[in-house]
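Hi there,

Here is the structure I promised to pass on. My notes follow below it.

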Amino acid sequence: MSLRKQKVSKKVLIITYYWPPAGGPGVQRWLKFVKYLPEFSVNPIVFIPENANYPIIDESLVSEVSKDVTLISHHISEPYKWASFFSNKSSKTISKGIISDKKEQSFMEKAMLFIRGNFFIPDARIGWIKPSVSFLLDYIEKEGVETIITTGPPHSVHLIGLRLKQKLDVKWFADFRDPWTTIEYHKQLKLTSASKRKHKSLEKQVLNSSDQIIVTSWETKKEFQAITKKPIEVITNGYDNQEAVNIQMDSKFSMSHIGSLLSKRNPEILWQVLSELIHENESFSNDFQLNLVGLVSESVLNSIKTYNLSDYINRVGYVTHKEAITYQNKSQILLLIEIDSEDTKCIIPGKLFEYMVSNRPIIAIGPDDSDVEKIIKETNTGNYFNYKDYESLKRIILDHYKAYQNNTLQTHPIGLQKYHRKALTKSLANLL
């Protein structure tokens, strides 16, 4: 009689800056991976900052942390705390990724951007590298950890992985939720030539020293393949199961953008189309409402005002992730806006996947041939437009409005299962 062997769990150390009660999209990816990894015989140990100065707080996410996960932490020195003494408003907005247009920047904002970009390379969390490496060297050897995962941004976290790899015989996975040197935010930091070279050098070191690279988009994979020969796997973000609750749809023909609308993420083509429809169609004018759920830059609000849309705005502001899901499910249309740039073709916002399972049509605007366009078309969850598709955008909005009037506005998605967080975690576990 043979006894069935019990599968031994593998210890994996995950090093991440963002963790509940941090809010925003950066926390979701590894919160969900950690939730499902034990089902694939992986025992996650999560290393986080002890006293992080998170730009956004969402206490509701704390309840989603598995009670079985091992959490360890170490002190971090946060420069944004000190910066707030000089300009609390500028330090808060910069830490959230909100940067004013060049012509609207105050002297203090310009100075803080220059200091942030050139004195804190790769980012403002560099103070966490040295103490974390010192602490983790002992912990890894003591606990017999054989695999570590770093996730960035902030890319300082990858430098923790780099130094641990140099000192220990561990397998290192570098997970990039966003690119490093080509992301739009990076370009606004007033970097000197020397600082740009240093960023490029650190990026190359990380990409060529890690054992496995994980990225969230196919465009980022192509970008990194030009820098390294190391294996690169695409594991996108995804959606998780949602609580079954009765949500009453908006009575208005509501379009909702959920998330940050930064100054460069300003779809004037959309404001122009909406302004024209309101002017031409009285019933549309009476029914329409624009929900802005999240942080919105002043330049975007000014642009909306220019097109006489201010009276149609429901400016909600930042809400918890749970509340954001409610807004998604009750809105008539969901908006996804990306900057019109070659460098943003690789950006797949995490909210896209939650949009896709909300059964609400998506209207996305961004650069041609983006990864978002590929996913929306593949899953039949909405329509994608570039910044010149004026007539097509106007026609689709009008079609959606007629369906709303007939109470037939919905989507018919296909092939969503591969984007479930558990399916994505299985792909990760197979690499481990």
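In which sense do strand S8 and S11 pair, and over how many bridges? Strand S8 (residues 253-258) and S11 pair in the parallel sense, over three bridges; two strands pair if DSSP finds at least two bridges between them. Helices (H or I, at least four residues) and strands (E, at least two) are DSSP runs, numbered from the N terminus.

Before going on: this is a predicted model, where local features need pLDDT of at least 70, side-chain atom pairs count only at pLDDT 80 or more, and totals for chains, interfaces and linings use all residues. Residues are numbered from 1 along each chain as its sequence is written, and side-chain values use heavy atoms, with hydrogens and water left out.

Back to S11. Five of the five residues of S11 (residues 333-337) are buried, meaning under 20% relative accessible area (1.4 Å probe, protein chains only). Ile333, Leu335 and Ile337 cover one side, Leu334 and Leu336 the other. In a regular strand the side chains alternate between the two faces of the sheet.

His321 sits in helix H13 (residues 321-330) and counts as buried because its relative accessibility is 18%. Leaving aside neighbours within four places in sequence, His321 is in contact (heavy atoms within 4.5 Å) with Gln28, Asp58, Ser60, Leu61, Glu64 and Glu354.

Enjoy exploring!

Note on methods. Buried means under 20% relative accessible area, exposed over 50%, partly exposed in between (1.4 Å probe, protein chains only).
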